[in-house]
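Hi,

Here is the structure I said I would pass on to you. Have a look at it first, and then read my notes below.

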Amino acid sequence: MPYTKRFDGRKFDETRKIEAEVGVIPNADGSAMFCFGDTKAIAAVYGPRTLYPQHLQDPTRGRLKCIYDMLSFSVTERKRPGPSRRSIEISMVTEKALNPALKLEKFPNSAVNLYIMVIQANAGTRTAGINAASLALAHAGLPMTDLVSSVSVGKIGGKICVDLTKDEEDYKEKDEKDTTDIPFAIMPRNGKVTLLQLDGKITSKELKEALQTAKKVCNQIYEVQKKVLQEALNK
Ligand code: CDP
């Protein structure tokens, strides 16, 4: 059956309700919260500070070290605490998605530690985490060329949709999974894509449409991120 109406009644190019805030962790140098509906991520930034062990120091630039994790009860089936293959992969792609926006050459031999914790998950946690992290890095006052905005886009039963929920990710047609999930991140000012992953099948024509939609929605997220930072500055 084609997917003609979304489970939660959203338009195909509509995200869940976005909530964002900076300064949620006073002890951190920068922090932020970002939600896509009931997917909630918190990011905390510490540093730049001298990187240890010393042999990892780079005299030409600082290093962004990201740790992503989910709380055990952020998901329906308890997640075993501690790092997993999945969390290590997401930490790595998050680092890669954010690095191009940071001017880390200004901080040789240093580390910027970024912790992303998902406190409630209903798909799209890496994209919510990247949005929170981008806000937290800016809130920490780190020199950046731009923010990074992120959303997942996908194909459900032949239809291009943004910000998939877990039910949508698991959508099955004739007992066969019929969802494609594409986490996407961009630096909206120069249009540089910093995250592009793909799980599932898609034609090149559909991929083009999906990426156009993702870009359009990231521009909307970018406006929210800028507004949140502006409001924090005005306080
Ligand atoms: O969260 P994201 O979409 O970026 O990554 P994913 O690996 O595609 O995971 C999709 C969703 O599966 C998560 O957001 C959680 O809702 C769920 N999940 C879960 O229930 N238990 C896990 N151990 C991992 C993920």
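Let's start with a proline: P53 sits in the loop between β3 and β4 (helices, H or I with at least four residues, and strands, E with at least two, are DSSP runs numbered from the N terminus). The peptide bond from Y52 to P53 is cis, with omega near 0°. Another cis bond goes from G47 to P48, with omega near 5°, and P48 is in strand β3 (residues 39-50).

Before you go on: this is a predicted model, where local features need pLDDT of at least 70 and side-chain atom pairs count only at pLDDT 80 or more, while totals for chains, interfaces and linings use all residues. Residues are numbered from 1 along each chain as its sequence is written, and side-chain values use heavy atoms, with hydrogens and water left out.

Now the strands. β4 (residues 63-70) and β5 (residues 110-120) pair in the parallel sense over eight bridges; pairing takes at least two bridges found by DSSP. M70 has V118 as its bridge partner in β5. In the loop between α1 and β5 you'll find N109, whose phi is near 60°, a positive value in a residue other than glycine.

Next, the pocket. What is the volume of the largest one? About 630 Å³, counted as the space filled by probe spheres set on grid points that are joined across faces, edges and corners. A pocket here is an open set of points on a 1 Å grid over the protein atoms alone, where a 1.4 Å probe fits, with protein on both sides within 12 Å along at least five of seven lines; lining residues have an atom within 4 Å of a point. Of the 24 lining residues, R86, A123, G124, K166 and E169 are the closest to the centre. The elements giving two or more residues to this lining are α2 (125-139), α3 (166-169) and β10 (179-187).

Finally, the ligand. Residues around it (a heavy atom within 4 Å) include M70, R86, A123, G124, K166 and E169. R126 has a polar side-chain atom 2.8 Å from a ligand oxygen atom, a polar contact being a pair of N or O atoms within 3.5 Å. For K166, an N or O atom in the side chain is 3.4 Å from an oxygen atom of the ligand. A polar side-chain atom of E169 also lies 3.4 Å from a ligand oxygen atom.

Cheers

Notes:
Polar contact = N/O pair within 3.5 Å; in protein donor to acceptor, adjacent residues only side chain to side chain.
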